[in-house]
Amino acid sequence: MAATQPNGPHNKLLEQVIRTPGRKPSPQPTHLSVPGSHYRILPEQGSGYVAPKFEGKEQQMEKVMDRVEDKGFIPADFVESETSWFYNELGIDDMYFSTETVEAIVSHIHSLYAAKIAAYARDDKRLEIRLDKEAVDHAVYIDTSIPGVTAANGPRYEQRLEEKYLDGSRGSNSYRVETFRSSSNLPGDEVQQLRCYFVYQAHFANPKPAPGETRLEILGESRFLSKATKNTKEIYQQILDKAVIRTGPVIEMFEIDGSREKRLVIAFRQGSALGLFSAMSDLYHYYGLTSSRKYVEQFSNGYTVMSIYLRPAGSPIAAARNPPIEASIHQIMKEVSLLYCVPQNRLRSHFASGRLSLQETIYAHCVWVYVGHFLNRLGSEYTTLVSMLDSSNSVHAELLSKLKRRLRTETFTADYILEIIHQYPELIRSLYLAFANTHYVQTRGEQDDFLPTLSYLRLQIRRAPTDAELRDMISKTVMNEHHHMVMTAFRVFNSSVLKTNFYTPTKVALSFRLNPSFLPPEEYPQPLYGMFLVISSEFRGFHLRFRDIARGGIRIVKSRSQEAYAINARSLFDENYNLANTQQRKNKDIPEGGSKGVILLDVHHQDKATVAFEKYIDSIMDLLLPPASPGIKDPIVDLHGKEEIIFMGPDENTADLVDWATEHARARGAPWWKSFFTGKSPKLGGIPHDRYGMTTLSVREYVLGIYRKLNLDPSQVRKLQTGGPDGDLGSNEILLGNESYTAIVDGAGVLVDPQGLDRQELLRLAKERVMISNYDTSKLSPQGYRVLVEENNITLPSGEVVNNGTTFRNTFHLRDQENYDLFVPCGGRPESIDLSSVSKLIVDGKAIIPYIVEGANLFITQDAKLRLEKAGCILFKDASANKGGVTSSSLEVLASLSFDDESFIEHMCVREDGTVPEFYQAYVKQVQAVIKTNAMLEFEAIWREHEATGVARSILSDTLSTAITKLDEELQSTELWDNVELRKATLNDALPRLLLEQIGLETILQRVPENYLRAIFGSYLASRFVYEYGISASQFAFFAFMNKRMAKLRS
């Protein structure tokens, strides 16, 4: 049904699309030939390959006939005809005959003849050939098939060769494929033809080419170079040149001179689209096409090129119900990029059978992922409990979070949800139509076909159903309450999607910007501002933020087993939400709110961390940047309607990928590329936290604050530290501290000396960034010892026997045999001290460690912190103590936004020879000073408030964060911002002095986005007020605070 029909779905024409203000074009990350453009016509006939002539073919054929006759299985009268048919009628080229032995060929001829005998014995007389031979270096598959039809119950040779050979192709261990379809039907069969697949191990003349090498004669596989025609080599060279500068696939189509046959060529990085080869067959079969030949070529620079020769399947029925090849080839090209994102979707069987289109099945696959995370499974009991507890109380919030994890029942497993979805293809079709009607853009005006899959192959749907009609349709169709919940989630998904790259012609993963308002407030009391869901075959991921201007790290989660993956998948969203929420509390005195991104690798793709990260970043950028080229990055429907800038940073398993993301943002023309990621290398303007001790500086400020308040001599303080000299926090804590280290625990084991560890030896380890396993044990006192994780049955100086080194390391911080004054966790697993284990640190109601400054994130649970504080421990929690890193990153972002590209490179980027710009060195020192000031202000505020109220410091830390962030948000929306003099005066105080001197306030105001400046304005005033007047200060106190600032302004 075309969009021009009066009652048809009315899609968005280009000029009607809601545009994001101020978007600028970006170059495409992938490449696609533009439908309607002038295609190159290949002048040559044939396959574009010429097999080197096998001179011994006739003699081999004679030997084969002799062996066939000797074996006696085939009657003598048929030996010559059967052998000749095999050699001359099946389209097998000379490469096969030159490779295979006489015995192997005889075996294949016997197998084909046996299939003919079996067919004669069948009632339907149907010839069915199933022949396969698999070896390490090559494979042969021969099968009977009907052109244009996917045999659901067939031998699935394409999937087999893909799984065994293609999917694992990497470097020298790669395989190329040639496949041919016989030019005529099988003898006595009106519809079936023979399909042959030949797999060969690749042999490269240059298996390890130089980086950046793209010349075909250097990268090509020896068989390909000897067989490909000059024209084919030229095509592959052009496509390979494009592929190496793209994130995703290159998709090209060529006309064959004097024929309706089309040659589709696809290039992509090895391993980035597992399952694409067999999935492509389903795609062109759906449109009534078949392939006469297919080639898969590997290149030693890690790229794959697939070449498919397409023609109409030839069936009159298929011709009647499908568009002509000239029309369907465009749709196939557009859908290849959809297939590339999810080659093996979980509803593929509906697509292979023709019940649903590719778009419909991939849409349903995406909603299946969504439903698995958001179906409310907690029940009314949890809601009742929530109403009884105070979610703003950090102890209650932590308890609710733990209960939520436990209460997630197994009622709606991923498999059960999928089973339900499979039962409702008609509902999926209607729900998809509603989704498409909102987000599909007619790029060619009224002539644009809305959905060829619907126009040609579906019942004539007059219009997209309304939400009310969908609600009614679901209620009347589903069988029970569970089914109703699952299918209703499709409606919720549709109404939540604000923008998506689903219809962007080229993409590497599917991304959806969701309105998070569908989240139940009883489960997620702190409302999110923005949510991205990203789906690919290798991973699924979220990016969550609590404010428009927000920043946080991107982490990759790996799973050791199927069971671990299932657990990680169930907790993925909640973990992401909690991490972003923690970041929100930590970012109290900087302009950015909290955000976090989590990428969960699929259980079968644990080695794809880099691929997953690149696809995640690129697909989110699809929704942040405007379209660049028609047919490559088409406009999207943007229901959010506001420009969005996202600030990210490194986290678990992503630290070494940050530079790529920065360079990629620059390559795509993102105006904010400089500020996109923090944690990048200094040559890109990054300020490394570990090199300059940024996180440790704030932790140290809390340690020094305790010494200052209690008048302690640091050199007399006995210290325990988890996280050793090999880590960022641990090494810098050793370098900056001057306490008497009694024990250090790290990944290697435990190092203890009651007399104090040798200071100079510790400094050596910290500077070299190595574990305690490198400590010179000759420097230990007689009471000192070291136990490594791999050691067992070790006797300590006290006579105690350590049975297992790993267990000893994991629980050492809970021992009461040693005496410490100060514990600084600089590393270790979250919840290493919880309510069940904290009692080991309390003896006779008194904490055995007087002072704890929590450097490592979430090392101690909130309820355990409160128990320790009640037992007399002076404890400062992570969200306050380790905020130095986020402060450094914030000021790195500010510099990136303030400089133009040229000045940024001059003043903030370390040269290739290691020369550090003078401004950079001075700016780093100013950043360090800001970190110390902010940490000192918060320490003093918490100490003062505790002295006045007696409230636990761990609670005061959260209360203070809430007070600052709440006031910050209120200030940003008040008329105070409109007071230009106050605005400029506040920003003049808040911005680093060096930036103001180098660039000037007026220039900064022009370059930095207004919403970011508002965030600086609000966070600076809010934090200064709360730090000075306290958490519970009244409106009158704020009035006095602002009067003081206004008086200063007037003077």
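1. Helix α20 (residues 481–496) lies across β13 and β14 (510–514) and runs at about 70° to β13. Axes here are lines fitted to C-alpha atoms, for helices over the stretch in contact, with angles from 0 to 180 degrees between N-to-C directions; contact means heavy atoms within 4.5 Å. Helices (H or I, at least four residues) and strands (E, at least two) are DSSP runs numbered from the N terminus. Helix α32 (residues 884–898) also packs on the sheet, where it touches β17 and β19, and its direction makes about 115° with that of β17.

2. The model is predicted: local features need pLDDT of at least 70 and side-chain atom pairs count only at pLDDT 80 or more, whereas totals for chains, interfaces and linings use all residues. Residues are numbered from 1 along each chain as its sequence is written, and side-chain values use heavy atoms, with hydrogens and water left out.

3. The sheet is open, with seven strands in the order β13-β14-β15-β16-β18-β17-β19 and mixed pairing; two strands pair if DSSP finds at least two bridges between them. Because β13 (497–500) and β19 (647–650) stand at the edges with a single partner strand each, one side of each has no neighbour in the sheet. From one strand to the next, the twist averages 20°.

4. Strand β17 (residues 550–557) pairs with β19 in the parallel sense over four bridges. Within this region, Ile554 stands opposite Pro650 of β19.

5. Rings of Phe, Tyr and Trp (its six-membered ring) pair if their centres lie within 6.5 Å; planes under 30 degrees apart count as stacked, over 60 as edge-to-face and the rest as tilted. The count by this rule is 60 aromatic pairs. One of them is the tilted pair of Trp672 and Phe676, at 5.1 Å centre to centre with 50° between the planes. Trp672 is buried at 5% relative accessible area, and Phe676 is buried at 0% (buried is under 20%, exposed over 50%, partly exposed in between; 1.4 Å probe, protein chains only).

6. Phe1025 and Tyr1029 form a stacked pair, 5.3 Å centre to centre with 25° between the planes. Both lie in helix α39 (residues 1010–1029), four residues apart, about one turn of the helix. Phe1025 is buried at 5%, whereas Tyr1029 is partly exposed at 29%.
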